[in-house]
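Please look through the model below with its charged side chains in mind.

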Amino acid sequence: MPNRLEAAASPYLRSHATNPVNWWEWSAEAFAEAERRDVPVLVSIGYSTCHWCHVMARESFSDPVLAAYLNENFVAIKVDREEHAEVDSTYLAAASAFTPNLGWPLNVFVTPAGRAFFAGTYWPPTAVGQHPAFRQVLESVTDAWLTRREQVETSGNAIAQALAQSRGVESELVADFAEVIDALAAAEDLEHGGFGDAPKFPVTPVLRFLLDRGARSAEHSPEAAGLADRTLTAMAASALRDPVDGGFFRYSTQADWTDPHYERMLYDNAQLLAAYALADSAEIATGVAEFLRDRLLLPSGAFASGLDSESTVDGKRVEGFYYSLDAASRARVEAPPRDDKILTGWNGLAIEALALAGARHGNPEWIALARGAADFLLAEHVGVGVANAAGQRLVRTSIDGILSDAAATLEDSGMLAQGLLELSIATGEVHYAIAARDLIDGALAAGAAGSGSSPFGLPGGSDSVLAAQGLSTEADISDGAHPSGLSAMAAAAHTLFALTGDAQYRDAAETSMKLVGQLAAQQPISFGTALTLMSELGAPLRQLVVVTADGAAGAAGGGELTSLARTLHRAGGIGVAVSQAQGDAFAASGFELFAARTALAGEPTAYLCEEFVCRLPLTDTAALKALLSTN
């Protein structure tokens, strides 16, 4: 039996390489093999740090008898959801027709033409409670395929047609944020903090929205600020936070934040670093930043995707044991495996958070970490292979120098672009902003050339296998665990508008948000990033540029004026400090905010603007503080 997974660009796939299942990677060849053999396809989707994925691998996919039946009657495809995000979202949507309990592992049975006709999550080798045995499921699917083929194909085609018709519907932007905040407050767990009952997730995009509303002086919302503060405080004091390493686990299975699922993901911790930094919770932010540095940083300068929930104890994999130990005890046992896969989008979140937190809290080490990740991605994930409309090819993921052929998503372009813009603002180095602009321009060009409802498109195209099957769908537009591709792209475009004054970027952001305005008002817990952007779009754009003499700028240069810019940034406005040479470089590269900004008489000079209309320059800190307090 050929081993097709041992050299995969995914640690998750590699972990299944020794299964007796004749696994295929996601490919057109796998479906062609199913067509040749006239058998259905099992698309089994999971990820490296998923506990129940490990359990099913040990119990079912490692069973030689089960594997023999699977190999004889199916073509089996193993997919890493983090590598092939579009595949995962497409089959999640299809699986919702069969089960309300969606999650991973996600096991979807499809025709050779890719039409889903049955799905479920974890199936044990023997029946347990409401869970049928995996063999029973396989036999039932085989029977349906052999004796009710027409019904199977009709069902699959109907689901595919329903998915093709599910698109964003244009509406108005959210205008009444008081109603949104009231709805979020009504969902607050007043006893334990956070939102709703178990399971309890950080929902960091919503916390960023609440922080944004709470920081806007013209429309200051103490309700929003208080809700964000209570939630962040509760999480920091709970079992969701690892007291040894400082990072946060993915979620808690109980309403009181206890009994967490112990995987620790890059996307969660990056976003929480930004949230705690904006909330000026320096101790918690420091702990998260040190977790990123000490546990997820790779020699390349990029960040790994996450840490497993399980560790090996006496030869057996055990969930959570490692995290029950103190620091000294942890040093004597085997640590949970790390998923060294480098995801472009998630690294973009880390770059954004480290740059933002480093500038706000005056920590150059965090900015240096952001720079290291950005330099790696620009060298290894951008500008390689077949060029897109902006002369680039964006790689979604790589590991050990192996580049995945998975299609990059809007999530990758948007999150990386936003991260690069934040790094440019933190360092004053224009080349990062230029690289971000190239990514955004490429997505806009692809959107203009496509037929989708969003102004943004995928420069490299969507997943080729799904597209060939007519199954390519618009990505999930909700901001659940992290920003959607649409929100990430729109947020980056709006930041670019704030620096360039080019209205096409603001227009693209606004058009994008109209696709989710109605849903965001109805389901605010699921649209935090979109709400943050709509909050920004609905208020006058405040900008503060501080220019210092050459050699005096940077995270610590410019004294109190620079500190004021850092404090304003992402707290109701855009704030940036640059040296004279850096400001001139921005202006020469088309970033209008920096045009004609000079350090008067060699002194740090502040330019406070609204929608690019600026007041007279100031060198007096007290005068600037007075202006900021009245705006």
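A residue is called buried under 20% relative accessible area, exposed over 50%, and partly exposed in between, judged with a 1.4 Å probe and protein chains only. This is a predicted model, in which local features need pLDDT of at least 70 and side-chain atom pairs count only at pLDDT 80 or more, while totals for chains, interfaces and linings use all residues. Residues are numbered from 1 along each chain as its sequence is written, and side-chain values use heavy atoms, with hydrogens and water left out.

Arg 148, with a relative accessible area of 37%, is partly exposed, and Asp 143, at 36%, also counts as partly exposed. The side chains of these two residues, Asp 143 and Arg 148, form a salt bridge at 3.2 Å, N to O, the term standing for a side-chain nitrogen of Lys or Arg within 4 Å of a carboxyl oxygen of Asp or Glu. The whole structure holds 32 salt bridges.

Another of these contacts joins Glu 429 to Arg 371 at 2.6 Å, N to O. Because Glu 429 lies in the loop between α16 (410-427) and α17 (430-449) and Arg 371 in helix α15 (residues 364-380), the pair ties together parts that are 58 residues apart in sequence; helices here are DSSP runs of H or I with at least four residues, and strands are runs of E with at least two, numbered from the N terminus. Glu 429 is partly exposed at 23% relative accessibility, and Arg 371 is partly exposed at 27%.

Salt bridges also link Asp 242, Asp 245, Arg 264, Arg 295 and Arg 330 in a network.
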